[in-house]
Amino acid sequence: MSGNRAVAEAAKLAKVNVVSAYPITPQTSIVEYLSEFVANGELAAEFVQAESEFGAMSACIGASSVGARVFTATCSQGLALMHELNYVAAGLRLPIVMAVTNRQLSQPLGMWCDHSDAMGERDSGWIQIYVESCQEAFDTVIQAFKISEDREVLLPTMVCLDGFILSHTSEPVDVPDSQIIQDFLPPYKPDSEYHTLLDVQKPLAAGGGCPPAFTMEFDYKKYEAQENAKEVIRKVDTEFGDTFGRRYGLVEAYRCEDADVILAGMGTMIGTAKEVADKLRQEKGWPVGVLKLRSYRPFPKEDVARATAGSKALAVVSRAVSYGVGAPVYSDVAAAISNSGQKPVLLNFIAGMGGRDVTQKNIAQVFEQGLKAAQTGEVQSEIEWVGLNKNLVGASP
Amino acid sequence: MSKPYWTKENFPITPIIRNPAGSLAFKCGLWRTTTPIIDSQKCTKCGLCEVYCPDEAVHKSEKGVFEINYDYCKGCGICANECPPKAIRMVAEVEESCTSES
């Protein structure tokens, strides 16, 4: 099944009570499947077709505030339109789960994959998990509800899957029996003494003004919840693995133990990178490995430092740009190892913008530059745009 | 000063206010720089001041006259502006209250 079908099946099996969404390519079929499930009685949920993504997230916030398990999906301009509400959802500590079929942001207008959209929500307080396969998309939606609803966390989660590359690619997906999923993920039962829960029997005011005397303290609580989420993601993943036989971790270190050069990245490029790493090891004997950053918020600093401890060069590939500084994933990786005592040469790559394929050749080029840096201890350029038509823009080669 | 909403014992995960009418604890009358004074001779008991007051700080007393609760009156002057017989005067709070070093 396609990535979008996998996401919709997972939301159905999570027995969500409310789905509120607005269609946008390449997310549309997620919402179409869910509306079909509700219409034909497969899913006993309230389906709210909103007038915009702003309305969709507003309805999700309302529904979650009365204790419903809530799911939505969007991407790109839709996610940008939700921006204001995303901070509200996180600030009210509502465990909403949203699939983001990563797509570029206009301008230039296009519907193709990159991570610019989700990067804009990076600091909103939402948990962000980037997946590599349709199976992982399915599994992560199930896990996401359990992570978000944990009392130590209570933050919403974005499950980020690469638009088209994953959303519209069909792969075999194991869909476990509904009862086993119910046992793993029991219904959401918020407690009015602790959660944001609107109950006419126990009136409360939520979402109001907060004076400066308390605002930093609430920000701190949110920060603390993100820190707690690391352990909860690990715990839920382990329990998931025990039940379903698949586990993913906060990061996945692929052949990193003895690697001089490690490529770090997120999403579908990781599958390609693993394959190229295998080939380069076999054909050329290059000591290369791949670090998949699965949880981006919370950012698993300790895991990144541990996985790259023996490396000489660390090549970070971002599918997004931070204009005026470089690339967001690079900055986070560099910060993660800054106090760890290790000093691999750091290489900064931007690749796959606006649907540009990240090919095996591109990945091999990244590894090659990484190897050179590992040998010389120097980087050739501060930042490298992989696959850029340098001729067209007059950039130096 | 009034008591804070939240203490170490009841600090929630998000700014939730669980006690109804919690804003009574905030004596926003302390913000006032001009004070409305009702002239009972001119007052026609129409009650528009009570209706217009954004803080519900004007009430009719048992004697049938309108009184202002200065704990919550912010001195916005809307009552004085609306009063048909102009029975409400806005009087500046003493200058020292703004400039004194307290």
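I began with strands β4 (residues 97-102) and β6 (residues 157-162) of chain A, which run parallel and are joined by 6 bridges. Two strands pair if DSSP finds at least two bridges between them. I picked out A99(A) and found its bridge partner in β6(A), V159(A).

A note on the source: this is a predicted model, where local features need pLDDT of at least 70, side-chain atom pairs count only at pLDDT 80 or more, and totals for chains, interfaces and linings use all residues. Residues are numbered from 1 along each chain as its sequence is written, and chains are lettered from A and ligands numbered from 1 in the order in which they are written.

Next I traced the open sheet of chain A: 7 strands in the order β2-β1-β3-β4-β6-β5-β10, with mixed pairing. Strands are DSSP runs of E, at least two residues; helices are runs of H or I, at least four; both are numbered from the N terminus. β2 (46-49) and β10 (295-297) of chain A are the edge strands, each pairing on one side only.

Then I turned to helices α3 (residues 53-65) and α4 (residues 76-91) of chain A. Their axes come within 8 Å and cross at roughly 25 degrees. Axes are lines fitted to C-alpha atoms, for helices over the stretch in contact, and angles run from 0 to 180 degrees between N-to-C directions. α3(A) and α4(A) are therefore roughly parallel (angles under 35 degrees). Among the residues making the contact (C-beta atoms, placed from the backbone, within 7 Å) I noted F54(A) of α3(A) and L81(A) of α4(A).

Technical notes
Parallel < 35°, antiparallel > 145°, perpendicular 65-115°, else oblique. Contact = placed C-beta atoms within 7 Å.
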